[in-house]
Every structure is written in C-alpha cells, then in structure tokens.
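Reader: I have a model open and want to learn to read its features one at a time. Please take me through it.

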Amino acid sequence: MHECVVIGAGPGGLVCTKELIEQGVADVLCLEKSDAIGGVFADSYDSLTLTSSCTFSMFSDFWIGDGRQHHFWSKQEVLDYWQAYARHFGVLPKIRFGAEVLTAEPFQGGWRLTLADGSDIRCRRLALAVGGNRFPNIPDWAEGLSGVSVLHSKDYRNAESFTGKNVLVVGGGESGADIALEISRVARSCTVSLRTSAGWILPRKRGAMAADIATHRGLYGLPREFGIEVSRQISRHEAACADPVNDAAAQLNARVSAPYGVWGTYGTKNFSLPEAVAHHGCRIVSGISAIEDGGRSITFTDGEVVKDIDAIVLCTGYQSRLPFLPEPLRAQDPRALYKHMFHPSYADTLVWIGFARPGFGSQFPIMELQARYFGMIATGLASLPKPEIMQEVANSDAGGYLQQLGHSGRRIRNLVDYHRYMDDLAGLIGCMPAFWSTLLLRPRLWLRIVYGATQATQFRLRGPGSKPALACGILMQLPVSRFNHVVKVGLKGRLWYGLRWPWRPRSSEASEA
C-alpha cells in the first residue's frame, strides 16, 4: 500500500508530489493518463498565454529566470517551467505516465484504484489534482443547435475554420475573451453573448509593467465593501486614457452589478474582449432567450435578434466532475469541503488540490499552499479538526464567499477571494509573514511583501517549510507596484478607515466586511 497516490501531473499534481517528497513522504506515486506533464494546459488552444505574470505564476522556491518578472508565459513556456521544476525537485521519477484511473473506492482505511491497463493500486491517502476543466458545461438550449456548427472552448485550437463566417461566442471569461478576439480578426462578424458581465476586465500589462503586480496587500488588505470605491477609481482611470480599448473595457465593466464591485466578481485579466469590440467590430449582446432555425437565428433577452449565424463557440465553463470516484463524490461541491480541500467524512485520506479558483491572483500559489498543508497533515505535523468542526467551517466559509461574490460565487462554485483564502491557509500552516518586524528591520523587503504581488514566495519566509534565505533572495528581485491609481486608492482607503477607527459598519454597509 502506497503512502500517497496523486492523480494528475498538471501544476497541482506536480507541486503536491514535490511537497510530499520534500516533507518526508517517500512512497509517493503520481498517475498521469497522458504521456507528458501539464494536464489541461497541455491540451489547450494554440495561442494560450497566461493571464497571470511569471511573478505571480511561479512556485515559491523555483526562480522564473532573470528578466521575466513582467513576462506572461505562453503554453510552451509554462510547460517548460513545470518540466524544469519537476526535474529539479525529483518529481519525474515518481510519475507513471499512461496511467488512466477508472475507479477509486474506499478500501481498509485507504483507497483502491483500478487503472485502464487492469492494474490495481492501493494507497493510504489519495490526492485529486486533475483540475476542473475536463468536462465541458453544455447549456440545455444547445440541444436545439442543428443548423450551425457548434464547438466548446475545450476543443477550440485556432480561428482558421471561422474565416469569413458569422460567429456567435457565448460567454466572456478569460479564454472566451481571447477566443473572441482571434475569431473577430478573421470572421465576417463576431457577436458575444453575455448573460450578465464578463467579470471585471483588466489588462495583462499597463505599459511595460505586469498589471497584476497591483494585486497586493496595500490594496487587498482593505474591507471588501471598499470595492465599490476601487471600482470607481479603476473606471475613472480607464476613461482618462482616452483610448477606444480602455473605453470599451470601462463600458463592459459597467455591466458588473455586484454589491462589492470589482471584489464581488471574478477577474478577466486581459483586454482581448475590449480590443475585439474597439478594433474588430465585435458586438456584445445579452443572454440567449430563443433559438430558431436550428440556431441560424437567435433572440436575446433584450429583444435583439441575430440571424444568419454559421457557427457557435460555447465558452460556458466546465462541470466539476470526477467520474472515477464513488457516486456521492463525483460531482462534489467545492464549497462543501473544508478549505475547498477535505471532505469531513474522509478526513485526511482524500484531498482535492486546485479546486479553489481565485477571483484575482493566480491559482498556482493556491495549489502550492494547499500542497504544503496536505503534506503537513500526511506527516503528522498538523491535524484536521473533528468532522463536525470541518463541516461548520466549510459552511461558514461558503456563506462568506457567497455573500461577497453573489451571483458569480453561486455560479462558479470554486471561486474564492485570493487574499483571504491564502492568508487563511497560511494561518493553518503557520507561515504568515511577520509584517511589523519586517517593516522595522528590513523595510525594502516589507515593501515587496506589501506593495509587490502577493505571490507564493512571501509564505516561505517563516514557519514550517520556510526557506528564508532563498525567499529573501527571490523577493528582492521581484517588482514593487508603482505609485499609480491602485496604490493611491489603497492609501485613500487606509486613511478613510483610519479616521473612522474604531471602524464600525454603517447601516448601508455590509456587516461581514
């Protein structure tokens, strides 16, 4: 019986396997059904470029390479980084490629796995790191699409087949925005259907600087009800740019009606959709109301009708489903799990890695902290609460996220507030940075912790698994946010709440803040 089996050799599986090895779990086996690492990223569309910079996307203890702090990895570049990471930390020998798991069943205090090749594997603990983007979410109305070609974004590779066609793209998240831009460049017409909004749209870069460097504690340490003011300031900045793409972004962001504004939805961290609107004639319409002529003609909820449609691309997300698990666990709601990781009924024998998606920030640092916490539990350095406490915490966390994230949180069940989730896990691990002593003793380092991107390395400065010398060396090479509109609104917020100290919510403000 193996000590632990990790299913999936994408970023979550790689960092989980690495952390288990590093924390002393020698008997680890990682199962990957394909013949290479990378998971769903390796099977994505040709032009994929991450929407989080290398600074944010890197793992805490493996440098991205000098000069890449404001770079955004392409699909091949991030696969190369993960390959080098796995080689450096001795993960590759632990991976069995071509190993597809057909069933996983509880067995004598652990798990029994059956593989497609007929082999049988048993383990004490099972880590699920297969990602949530494997099973497309196809809306019910798509059954009526018989007169047009239909493609889900999972199967999209490039826009070549859409040249000269009238195309409808349904959905406008990060991949949907990139796909809409590619198609709008070559299609006769491109229309994007949005039921509500495309999330809060921000660029990958502002000038030469990665825009997500501004996702820092200086701003995100404020109460979430301040998100309305943050939204106003960002919209004013876009309007002041006097650029058609920025204007289109501001108009799209005006569709966000969340009570916490930018902090009440998910981020779409590219300007692809605004560019498609401003420069390539892409039109935005509302949600789908009725389908006629097999999809050739579609009526939208605002009464508008689009006719002569040739092709429809569904950027409608994915179902969270793991068909090899026992029936009650196959469509597990992440919000019912303790910290989006542990099922109260299975305690430390079963863990989900990567089932928490940040509204802003990057999923890779989340995966790493999850892996570190699981590694501590697997080695006995930490323990889970009693099942009833786990359930209470999961319910409380779910209520808080649903209150903050509203419609987006109800629809995207794994959506979390990045800073709150990361600090919550760091508190369980015991690796939160020491802010006050760092400010007094190492102010330049403090500046990078508070006004640099809140990425994974700052959680290596202290506590279990700390690597202080390495972490300091990396952090001192990372950029600090400029004194821009984001820093200014953060300082305004701190002054505002400081003058109201001790702060109490007014009747018009959300009490959970």
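Reader: Which residue stands opposite Leu 113 in strand 6?

Author: Ile 121 does. First, the ground rules. This is a predicted model, where local features need pLDDT of at least 70, side-chain atom pairs count only at pLDDT 80 or more, and totals for chains, interfaces and linings use all residues. Residues are numbered from 1 along each chain as its sequence is written, and side-chain values use heavy atoms, with hydrogens and water left out. Helices (H or I, at least four residues) and strands (E, at least two) are DSSP runs, numbered from the N terminus.

Reader: How many bridges join strand 5 and strand 6, and in what sense do they pair?

Author: Two strands pair if DSSP finds at least two bridges between them. Strand 5 (residues 110-115) and strand 6 have four, in the antiparallel sense. Their hairpin has four residues between the strands, and there Gly 118 takes a positive phi near 90°.

Reader: Which way does strand 1 run beside strand 6?

Author: In a regular strand the side chains alternate between the two faces of the sheet. Strand 1 (residues 2-7) runs parallel to strand 6 (residues 120-128), with five bridges. Cys 4 is opposite Arg 125. Strand 6 also pairs with strand 21 (residues 350-352), in the parallel sense, over three bridges. There Leu 128 faces Trp 352.

Reader: What is the strand order in the open sheet of three strands?

Author: The order is 16-17-18, and the pairing is antiparallel. Strand 16 (288-292) and strand 18 (305-306) are the edge strands, each pairing on one side only. Four bridges link strand 16 to strand 17 (residues 297-300). Ile 291 stands opposite Ile 298 in strand 17.

Reader: Now helices. At what angle do helix 6 and helix 16 cross?

Author: Two packed helices are described by the angle between their axes and the distance between the axes. Axes are lines fitted to C-alpha atoms, for helices over the stretch in contact, and angles run from 0 to 180 degrees between N-to-C directions. Helix 6 (residues 227-240) and helix 16 (residues 485-499) cross at roughly 150°, with axes that come within 10 Å. They are therefore roughly antiparallel to each other (angles over 145 degrees count as such; under 35 is roughly parallel, 65 to 115 roughly perpendicular, the rest oblique).

Reader: Which residues meet?

Author: Contact means heavy atoms within 4.5 Å. From helix 6 come Glu 229, Val 230, Gln 233, Ile 234 and His 237; from helix 16, His 485, Val 489 and Lys 492. An α-helix has 3.6 residues a turn, so residues three or four places apart point the same way.

Reader: How many residues of helix 7 are buried?

Author: Buried means under 20% relative accessible area, exposed over 50%, partly exposed in between (1.4 Å probe, protein chains only). Helix 7 (residues 244-253) has seven of its 10 residues buried. Among them are Val 245, Asn 246 and Leu 252. Their cover includes helix 6, helix 8 (272-280) and strand 15 (283-285).

Reader: Is Gln 370 buried or exposed?

Author: Gln 370 counts as buried, at 0% relative accessibility. Gln 370 sits in helix 10 (residues 363-378). Beyond residues up to four places away in sequence, Gln 370 touches residues including Trp 352, Phe 355 and Tyr 421.

Reader: And where is Glu 32?

Author: Glu 32 lies in strand 2 (residues 28-32). Glu 32 is buried, with a relative accessible area of 3%. Its C-alpha atom is separated by 4.9 Å from that of Phe 97, 65 residues apart along the chain.
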